[in-house]
Amino acid sequence: MAFPRTLKIWKMGIVNYKEALHLQEKLVSARKSSKIPDMLLSLQHPPTYTLGKRRTDHNLLIPESDLAKLGAELHYSERGGDITFHGPNQSILYPIISLRDVGFGARKYVEKLEQTMIEMACLYGVKAKAGEKGETGVWVGDRKIGAIGVRISNGVTSHGLAFNVDPDLMYFKHIVPCGIVDKDVTSLRKETKEVLPSEEVLEEQLISCFVKLFGYCKTQVEKIPLTELDFGDEIENLK
């Protein structure tokens, strides 16, 4: 069943990483069988360290047993990339889209995610760029402002991007972010000279950058707290 270039967007607030992972798995399965259109999850996580499929535990610089003292959790996933941190005031987009339908290969898809964050930074006078070879994500000078870790299964994407609006950067001191040594992490708040608007405005701006770069002609936006979400009913309603 074919769909027009419509993107369904769920604004979900703060969502536990494990619950978000479970939701993505359900949506990916539904997207593979064309039961739903392309989706975009916009959310934040409570303090969470995540490792990708390479399982580079050595880049966590403190014992796992100490994470509770920081109010943080550790989760493993099957995305690409190395260890990273997610937390409040970091904007996360998880696209569940069919690359075959949009006509992108994996490399172009990642480049579009990078450009989404570059354009978001540009709105506030911050000159960001994609990383050099071996440096994933988006950078302001030698400071990382946005991370990318994706999974592509049978042409359908999950996981995505994390853009640092104003997270507590101290959490990054306990890891080697994305496995890249001797590099700092920054945020939009730290880099811009402008006053940032509300969280809701910032979320909408990042989504708009994504929609424009991926060429969607129509969007449908809903605010859906995960506590109110019934996977079966909501997926059925997306058809």
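This is a predicted model: local features need pLDDT of at least 70, side-chain atom pairs count only at pLDDT 80 or more; totals for chains, interfaces and linings use all residues.
Residues are numbered from 1 along each chain as its sequence is written, and side-chain values use heavy atoms, with hydrogens and water left out.

Staying with strand 10, four bridges join it to strand 6 and the two run antiparallel, pairing being called when DSSP finds at least two bridges between two strands. Strand 10 also pairs with strand 9, again in the antiparallel sense, over eight bridges, and there Arg151 stands opposite Ser158 of strand 10. Nine of the nine residues of strand 10 are buried, so this strand is largely enclosed by the rest of the structure; buried means under 20% relative accessible area, exposed means over 50%, and partly exposed lies in between, with a 1.4 Å probe and protein chains only.

The hairpin of strand 9 and strand 10 has two residues between the strands, and in it Asn154 takes a positive phi near 50°. Asn154, at 54% relative accessibility, counts as exposed. Most residues other than glycine have a negative phi, and with that in mind I would also point to Ser34, whose phi is positive, near 60°. Ser34 is found in the loop between helix 1 (17-32) and strand 2, and at 22% relative accessibility it counts as partly exposed.

Three strands form an open sheet in the order 4-3-5, with mixed pairing. Strand 4 (73-76) and strand 5 (84-86) stand at the edges, each with a single partner strand, so one side of each is left without a neighbour in the sheet. The twist averages 30° from one strand to the next, with axes taken as lines fitted to C-alpha atoms, for helices over the stretch in contact, and angles running from 0 to 180 degrees between N-to-C directions. Strand 3, residues 48-51, runs parallel to strand 4 and is joined to it by four bridges, and the partner of Leu51 in strand 4 is Tyr76.

Which elements, then, line the largest pocket with two or more residues? About 360 Å³ of space lies in the largest pocket, a pocket being an open set of points on a 1 Å grid over the protein atoms alone, where a 1.4 Å probe fits and protein lies on both sides within 12 Å along at least five of seven lines, and lining residues having an atom within 4 Å of a point. Of the 24 residues that line it, the closest to its centre are Gln44, Ser91, Glu199, Glu200 and Glu203. The elements giving two or more residues to the lining are strand 1 (6-14), strand 2 (38-44), strand 6 (90-96) and helix 5 (199-214), and helix 5 gives the most, with five residues.

Finally, the cysteines: the structure holds zero disulfides, a disulfide being a pair of cysteine sulfur atoms within 2.5 Å. The sulfur of Cys209 is 9.0 Å from the closest cysteine sulfur, in Cys122, which is too far for a bond. Cys209 counts as buried, at 6% relative accessibility, whereas Cys217, at 63%, counts as exposed.

Methods. Grid points are joined across faces, edges and corners, and a volume is the space filled by probe spheres set on the points.
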